[in-house]
Amino acid sequence: MQTLLFSHIVDPADPQIAVAARIIREGGVVAFPTETVYGLGANALDPLAVRKIFAAKDRPADNPLIAHIADFDAVRKLTTTLPRELELLAERFWPGPLTIILPAAPCVPKEVTAGLSTVGVRLPAHPIARALIRAAGVPIAAPSANRSGKPSPTTATHVYEDMFGRIDAIVDGGRSGVGVESTIVSLAGATPRLLRPGGVSLEELEDVLGRVDVDKAVREKLAEGEKPAAPGMKYRHYAPIAPMTLVVGDPEKSMLKIRELAGPQDGIICFDEYFFRFKNTEYIRGFGHSSHPEEQAQRLFRVLRSFDSLPVRHIYSQCPSEDGIGLAVVNRLKKAAGFSIIEV
Ligand code: TXA
Ligand code: MG
């Protein structure tokens, strides 16, 4: 398959966006930037188009997709109820990095919901994403634009690495600002439930909703056969090729532990201020200052991907605290490490 590349799209009025939108309307698959990570989009109301996303990613069929909309009104068509919490959340966090799980309307194909009775809806803040959705005139179903299991793409180059020749087009809108995916909160049960931490923090959700339950899969490894509320949380994810171990605890102590464990062939992910404290290896990546979780979120996936082109045997990583967006960073690190964790 030929993949068309729309490079350096910075203006939401760029005429190339209409071309990309037409590809989507006609049943094609287009990768596009959002403020979290790049998405792999198709017409959410066209089952055949949605199936192409699963094929391009090698995505398991039981993992549902998020429907992206450009205006609040579009959510009315996708769900059967408009709970009060939806309005509160939308008012505060939309457009933005929040996905809300709602009871699905009959028009939402089972290819999008993976057969569940609910649908995830997100109104992204990225101007190019919104222009594309508006121009397409349909909701756009989009998972992250990586091959299944890989770290999510935060640049068009990452998308190119994973998807060239497998999809119709890539819209290059520069680097994603948030760097980790959207927060997923379910309003389908009795109490709001955090299914995946992301760009909107748990504290911010609690501020609007009061009580928010946290799904077990956010912090812990699930037992064999145990089902998370967000099906995607059960898969090995974000994983670099080399096995990885997360060293959790006070940064000074985790630095000493990693110095003890890592040999010259091993990779290290550390806080920027510890960069020069590791002398034994050249495969070392800083991912932000320990006091700056936003920056860690922004850089994490790029850092994880960078190890795949290096001959590293094992990767050791320091681990931030779970405050704010830190909960999302820790969740992605734990999953990248396949829950291989050492506490210091
Ligand atoms: O930031 C994001 O959310 C990005 C950008 C492109 O918008 N998208 C993204 O999609 O991360 P994806 O497919 O990589 O992750 C979506 C997650 C999966 O874990 C999936 O299982 C869960 O959302 N999900 C989708 N629909 C759901 C539903 N109806 N109920 C529970 N979980 C759902
Ligand atoms: Mg994904």
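These are my notebook entries on a predicted model of one protein.

**Entry 1: overall build**

I started with the secondary structure. I found 11 helices and 16 strands in the protein. Next I checked the radius of gyration. It is 20 Å, close to the 20 Å that the globule rule gives for 344 residues, so the protein is as compact as a globular protein of that length. I then looked up the box filled by the C-alpha atoms. Along the principal axes it is roughly 55 × 45 × 35 Å.

I turned to burial. Of the 344 residues, 57% count as buried. The protein exposes about 14200 Å². Carbon and sulfur atoms supply 52% of that area.

I also looked at contacts between residues at least 6 apart in sequence. Of these, 66% join residues at least 24 apart.

**Entry 2: the largest pocket**

I looked up the volume of the largest pocket. It is about 830 Å³. I counted 49 residues in its lining. Closest to the centre are Arg 59, Asn 63, Pro 64, Ile 184 and Gly 232.

Which elements give two or more residues to this lining? I listed the strands β4 (66-68), β5 (98-103), β6 (118-122), β9 (183-186) and β10 (193-196), along with the helix α5 (110-113). β6 gives the most, with four residues.

I sorted the lining by class. It has 21 nonpolar, 18 polar and 10 charged residues.

**Entry 3: the second largest pocket**

I moved on to the second largest pocket. About 290 Å³ of space lies in it. Its lining has 16 residues. Nearest the centre I noted Lys 221, Leu 222, Met 233, Lys 234 and Phe 339.

I sorted this lining too. It has six nonpolar, two polar and eight charged residues.

**Entry 4: Lys 335**

Is Lys 335 buried or exposed? Its relative accessibility is 5%. The cut-off for buried is under 20%. Lys 335 therefore counts as buried.

I then asked which residues Lys 335 is in contact with, leaving aside its neighbours within four places in sequence. The list is Gly 232, Met 233, Lys 234, Tyr 235, His 237 and Tyr 238. Gly 232 is among the residues closest to the centre of the largest pocket. Met 233 and Lys 234 are among those nearest the centre of the second largest pocket.

Last, I checked Lys 335 against Lys 221. The two are 114 residues apart along the chain. Their C-alpha atoms are separated by 8.4 Å.

Technical notes: Residues are numbered from 1 along each chain as its sequence is written. Chains are lettered from A and ligands numbered from 1 in the order in which they are written. This is a predicted model: local features need pLDDT of at least 70, side-chain atom pairs count only at pLDDT 80 or more; totals for chains, interfaces and linings use all residues. Side-chain values use heavy atoms; hydrogens and water are left out. On a 1 Å grid over the protein atoms alone, a cavity is a set of points where a 1.4 Å probe fits but cannot get out, and a pocket is an open set with protein on both sides within 12 Å along at least five of seven lines; lining residues have an atom within 4 Å of a point. Grid points are joined across faces, edges and corners, and a volume is the space filled by probe spheres set on the points. Ala, Val, Leu, Ile, Met, Phe, Trp, Tyr, Cys and Pro count as nonpolar, Asp, Glu, Lys and Arg as charged, and the others, Gly among them, as polar. Buried means under 20% relative accessible area, exposed over 50%, partly exposed in between (1.4 Å probe, protein chains only). Contact means heavy atoms within 4.5 Å. The radius of gyration is taken over C-alpha atoms; the globule rule is 2.2 Å times the number of residues to the power 0.38. Accessible areas come from the Shrake-Rupley method with a 1.4 Å probe; for residues, only the protein chains shown count as cover.
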